[in-house]
Amino acid sequence: MESAARDSPAVKEASLIDSTTCKKPSDKKKNPKGKTMMAARTRSGDESRMRKLFGFELCDLSSWERLLRLLNRPTDPASLGMFRFLFGMLMVIDIPQERGMSSLDYKYLDGMDVCRFPLFNFLKPLPMDWMYLLYVVMLFGALGIMLGCLYRISCLMFISTYWYVFFLDKTTWNNHSYLYGLIGFQLTIMDANRYWSIDGFFNSKKKNAHVPLWNYTVLRAQIFIVYFIAGVKKLDGDWVGGYSMNYLSQHWLFDPFRLIFTDEMTSLIVVHGGGLILDLTAGYLLFFDATRPITIVFVTYFHCMNSQLFSIGMFPYAMLATTPLFCYPDWPRRLFAKFPTCLRGVLPPVMTNPQTSVSCLYPEVELKTKGLTAEQSLQVKPTRASLRHKLGAVFTIIYIAEQFFLPYSHFITQGYNNWTNGLYGYSWDMMVHSRSHQHVKITYRDTKTGDIGYLNPGVFTQSRRWKDHGDMLKQYAVCLSHQLSKYNISEPEISFDIWVSINERFQQRIFDPRVDIVKADWSPFKPNPWLMPLLVDLSPWRAKFSEVENALDNQTEVVFIADFPGLCLENFVSEDLGNTSLHVLQGEVNVETVMEKKNYTLKKDEKMQLPAGEYHKVYTISQEPSCYMYIYVNTTDVAVEKKVAKLFELQEQVRNGTETEPIPPELQNILNGTNGDINVTDPILRVFLRRQRRMEEVQKRRKATILEKLYRFSIKKYYLFRRSFLMTAIAMRNLVFGLPPMEQLAQEVAYANLKYTDEQAQGETQNVNMQKTETSHVEL
């Protein structure tokens with residue numbers, strides 16, 4: 001409801017009589033002076049504890065009529081108007097970035113055969129130029145929300161296009177994108193243009209007019225749900241145990257905590273424990289006056305950290321914008337009243353006493369009882385509940401109940417219940433699960449010829465999320481079957497062998513590799529029959545994993561595997577992976593070396609060496625799931641690391657003047673850092689140069705001043721928004737005048753693609769290539 005809401009004087013007077021009507025009718029007849037005495041007591045500031053804490057009396061919830069009047073109680077519009085402005089501004093910034101306006105041509109690939117993942121299969125993207133027009137409508141809608149200009153129309157422009165884009169691609173779904181759409185929908189039916197809006201400038205009835213309390217109630221309840229449900233979801237054993245986001249403790253933001261705690265304790269106490277406590281309590285503590293100031297400090301720190309930890313766009317700033325909603329509704333007036341008078345013309349208004357509004361219900365007052373002046377009595381006119389007020393109250397109750405229900409409605413949407421426990425888009429399941437993929441194999445079989453082939457994972461799509469969700473896997477399989485028919489593959493059967501580790505468990509299959517997904521049944525309202533169960537009974541092994549990994553040297557890698565009875569893992573050991581061995585931890589397996597055509601049976605605690613450069617198959621022959629691990633050394637990487645380390649050591653000696661041996665001419669410029677644009681062909685030297693440039697870039701960034709960092713940030717954003725504007729202008733021109741010659745269009749797009757300086761762009765490209773070269777994974 002209203003967090004001890006501080007209203008303007010007129011509203012304070014209007015609310016006094018409401019608080020006195022809690023007496024029974026019989027009491028009014030027996031003590032006609034009681035009403036006057038109660039009003040006098042309330043006017044003197046002797047309010048009940050309930051009203052001080054919550055802003056309303058318990059009796060306000062005792063009947064539908066009282067609840068109706070409470071939810072439609074006149075409230076200061078200032079805080080709502082400021083939130084409207086901030087939300088609209090953040091969406092204007094978000095649309096070119098996370099919504100993807102700057103990269104629509106890359107995202108939708110007009111005219112190309114691409115597999116897409118809409119919520120409803122009939123949804124299709126518009127032609128490219130029309131998609132740009134749709135984003136323009138969304139952008140102007142967000143701008144209209146920010147300015148409060150043609151407010152209802154702007155809200156409809158924003159939410160209609162926003163939800164269309166949201167439903168168009170499930171692979172981009174996340175909780176905060178869902179939240180933006182919900183808030184946009186809420187603002188559409190609210191009176192958020194009653195303060196600091198262009199609509200109010202042209203319409204005196206809307207300027208500085210009261211808004212009903214339910215406008216604040218819905219928004220506050222929504223933010224409370226985001227925090228609280230996210231906290232409840234973090235009561236999951238994996239989060240409490242510190243397995244969900246274990247890697248976060250290595251971030252530089254947690255360096256101060258690591259001065260006190262170990263890495264493990266930092267992860268367990270600060271990352272997981274702190275996140276759990278904050279999410280569970282923030283919604284409550286923001287509600288009360290006594291706890292709100294300190295909670296705002298912690299919440300602000302939390303969201304600022306998230307902005308650095310994750311690439312989640314405007315979400316941290318959007319949550320910061322929602323925080324003042326829990327303060328008194330007139331906080332903008334009190335804040336901006338402290339600014340110099342000369343700035344009042346460009347700042348939000350500070351005048352008090354909002355005017356009456358037909359959206360609110362005003363109490364029935366008697367002038368003698370209230371002690372109101374004639375002027376005040378004109379402001380507080382008795383009103384009766386109309387259909388508009390009833391609909392607002394009904395919407396508030398239904399909407400809040402629905403938002404509490406949806407995160408736990410997965411017994412309905414059973415087809416989405418993979419290991420994330422449902423359609424994560426509306427679950428507030430934020431950061432509870434982390435995944436790593438070890439192996440993805442797509443096999444197709446021509447039903448007419450019997451030919452079997454394999455596809456590169458991710459072919460015909462730009463997304464990677466299909467690997468984790470049964471609904472997307474079904475869509476992907478159907479799409480692949482259509483694409484393969486163009487390559488003379490008739491009615492192909494397509495199966496997927498996908499190995500996933502969730503929250504540092506064993507790598508295991510998520511879907512049955514024996515099922516033809518093209519013809520497999522899938523329904524949003526039925527359990528997925530080809531989803532393999534998560535082996536939660538093996539979760540205690542994670543402690544053993546840590547022991548094994550800590551016992552290995554830095555050059556040795558380990559992969560933990562769990563498989564189901566009757567299934568087989570086919571694996572290729574690269575020649576780079578020397579000394580690869582398989583250790584059985586539980587169950588019984590049969591290892592078949594393909595080239596040697598030999599079979600070896602291994603039981604618990606037994607192991608064998610695997611031949612490099614060959615395929616082998618691991619069959620689980622025990623009745624229970626088998627557990628085993630691969631231990632290997634990437635000999636090629638080890639050799640490269642040794643040679644690169646020697647080059648760095650030699651470079652240090654050259655710079656210190658301690659190197660006495662003659663340096664080969666081809667190395668002199670490189671070691672002196674004056675290599676310029678020398679074309680280096682030696683792979684070791686190329687790795688050395690790439691790593692050297694990255695180290696220099698890291699040092700440069702660490703030593704950069706705040707102004708330099710701000711400049712770099714501004715340049716990146718400038719080119720991002722520049723491309724959005726230029727590509728949109730090209731699309732609008734194409735819609736109006738038609739396509740120009742292809743040569744001209746190519747030149748225009750090339751001009752729009754300019755970013756940074758050539759030196760900066762080259763440096764970033766080299767960094768990316770170096771990271772790709774130096775990162776190695778075991779491909780099972």
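1. Let's start with Lys 233, which you'll find in helix α12, a helix covering residues 213–233. Keep in mind as you look around that this is a predicted model.

2. Is Lys 233 buried or exposed, and which side chain of opposite charge is nearest? Lys 233 is buried, and the nearest oppositely charged side chain belongs to Asp 429, 4.2 Å away. A salt bridge needs a side-chain nitrogen of Lys or Arg within 4 Å of a carboxyl oxygen of Asp or Glu, so Lys 233 ends up with no salt bridge.

3. Skip the neighbours within four places in sequence, and the contacts of Lys 233 are Pro 407, Tyr 408, Ser 427, Trp 428, Asp 429 and Val 432. So if you click on Lys 233, look for both Ser 427 and Asp 429 in that list.

4. As a rule, nonpolar side chains in soluble globular proteins tend to be buried together. Here the largest nonpolar core has 96 residues, and Tyr 135, Phe 158 and Leu 187 have the most contacts inside it. Which helix gives the most to this core? That's α12, with twelve residues.

5. Tyr 135 deserves a click of its own. Leaving out residues up to four places away in sequence, Tyr 135 touches Ile 95, Arg 99, Gly 100, Met 101, Leu 104, Lys 107, Tyr 108 and Val 165. There's also a second, separate core, made of 27 residues, with Cys 115, Ala 477, Ile 489 and Trp 530 among them.

6. On to the aromatic rings: the structure holds 46 aromatic pairs. Take Phe 83 and Phe 87: their ring centres are 6.0 Å apart and their planes meet at 25 degrees, so this pair is stacked. The cut-off for stacking is planes under 30 degrees apart. Both residues lie in helix α6 (residues 78–94), four residues apart, which is about one turn of the helix. Both Phe 83 and Phe 87 are buried.

7. Another stacked pair is Phe 224 with Phe 228, at 5.4 Å centre to centre and 10 degrees between the planes. Phe 224 and Phe 228 are four residues apart in helix α12, so about one helical turn separates them.

8. Phe 224 counts as buried because its relative accessibility is 16%, whereas Phe 228, at 21%, counts as partly exposed.

Terms used
Residues are numbered from 1 along each chain as its sequence is written. This is a predicted model: local features need pLDDT of at least 70, side-chain atom pairs count only at pLDDT 80 or more; totals for chains, interfaces and linings use all residues. Side-chain values use heavy atoms; hydrogens and water are left out. Helices (H or I, at least four residues) and strands (E, at least two) are DSSP runs, numbered from the N terminus. Buried means under 20% relative accessible area, exposed over 50%, partly exposed in between (1.4 Å probe, protein chains only). Lys and Arg count as positive and Asp and Glu as negative; His and the chain ends are not counted. Contact means heavy atoms within 4.5 Å. A nonpolar core is a set of buried Ala, Val, Leu, Ile, Met, Phe, Trp, Tyr and Cys residues joined through side-chain atoms within 4.5 Å. Rings of Phe, Tyr and Trp (its six-membered ring) pair if their centres lie within 6.5 Å; planes under 30 degrees apart count as stacked, over 60 as edge-to-face and the rest as tilted.
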